[in-house]
Amino acid sequence: LVGYVMSITSKNGYGGEIKVAIGVSADGKVTGFSPLSHGETPGFGAKMENDDVKAMFVGISSGAEFDGISGATVTSTALREIVDTAVWARDVLTEVQ
């Protein structure tokens with residue numbers, strides 16, 4: 001098993017729900033992050049779509065490791081929640097196998 005790809009939704013975005021596709025390796029590190037839908041503010045929370053922001057997720061294993069998006073505190077908190085949920089789900093799925 002190499003890892004998991006999952007769709008995670010947070011209801012805590014500044015503009016409502018944030019839904020992302022996120023990959024988590026077998027050792028619990030984020031391998032990819034791709035926003036699927038959101039209602040975040042252009043120029044602030046919507047920066048999650050920028051390649052440099054998406055790259056900030058690769059290699060982290062906890063939401064606390066994500067520095068966040070300047071000026072988008074609520075969005076950043078929701079994205080940290082998504083990372084923590086994905087890593088938790090990976091832990092649960094690994095235990096089941």
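Let us begin with Trp88, which is exposed, at a relative accessible area of 56%. Please bear in mind throughout that this is a predicted model. Trp88 belongs to helix H2, which covers residues 73-96. Together with Val92 and Val96, Trp88 makes up a nonpolar patch on the surface, and the accessible area of these residues together is about 330 Å².

I turn now to the sheet. The sheet is open and has three strands, in the order S1-S2-S3, and their pairing is antiparallel. Which strands stand at the edges? They are S1, residues 3-13, and S3, residues 30-37; each has a single partner strand, so one side of each is left without a neighbour in the sheet. On average, neighbouring strands here are turned by 25° against each other, direction ignored. Helix H2 packs on this sheet and touches S1, S2 and S3, with a direction that makes about 145° with that of S1.

Among the paired positions, Gly3 has Ser25 of S2 as its bridge partner, and Val5 stands opposite Gly23 in S2. The two strands form a hairpin, with two residues between them.

Finally, the charged pairs. As a general point, side chains of opposite charge can pair when their charged atoms come close. How many salt bridges does the count give here? The count comes to two.

One of them joins the side chains of Lys54 and Asp51, with an N to O distance of 3.5 Å. Both residues lie in helix H1, residues 51-55; because they are three residues apart in that helix, about one helical turn separates them. Lys54 is partly exposed, with a relative accessible area of 21%, whereas Asp51 counts as exposed, at 59% relative accessibility.

In the other, Arg90 forms a salt bridge with Asp91, and the closest N and O atoms are 2.9 Å apart. Is Arg90 buried or exposed? Arg90 is buried, since its relative accessible area is 12% and the cut-off for buried is under 20%.

Notes
Residues are numbered from 1 along each chain as its sequence is written. This is a predicted model: local features need pLDDT of at least 70, side-chain atom pairs count only at pLDDT 80 or more; totals for chains, interfaces and linings use all residues. Side-chain values use heavy atoms; hydrogens and water are left out. Patches are made of residues with over 30% relative accessible area and no salt bridge: like charges are joined within 9 Å, nonpolar side chains (Val, Leu, Ile, Met, Phe, Trp, Tyr) within 5 Å. Accessible areas come from the Shrake-Rupley method with a 1.4 Å probe; for residues, only the protein chains shown count as cover. A salt bridge is a side-chain nitrogen of Lys or Arg within 4 Å of a carboxyl oxygen of Asp or Glu. Helices (H or I, at least four residues) and strands (E, at least two) are DSSP runs, numbered from the N terminus. Buried means under 20% relative accessible area, exposed over 50%, partly exposed in between (1.4 Å probe, protein chains only). Two strands pair if DSSP finds at least two bridges between them. Axes are lines fitted to C-alpha atoms, for helices over the stretch in contact, and angles run from 0 to 180 degrees between N-to-C directions. Contact means heavy atoms within 4.5 Å.
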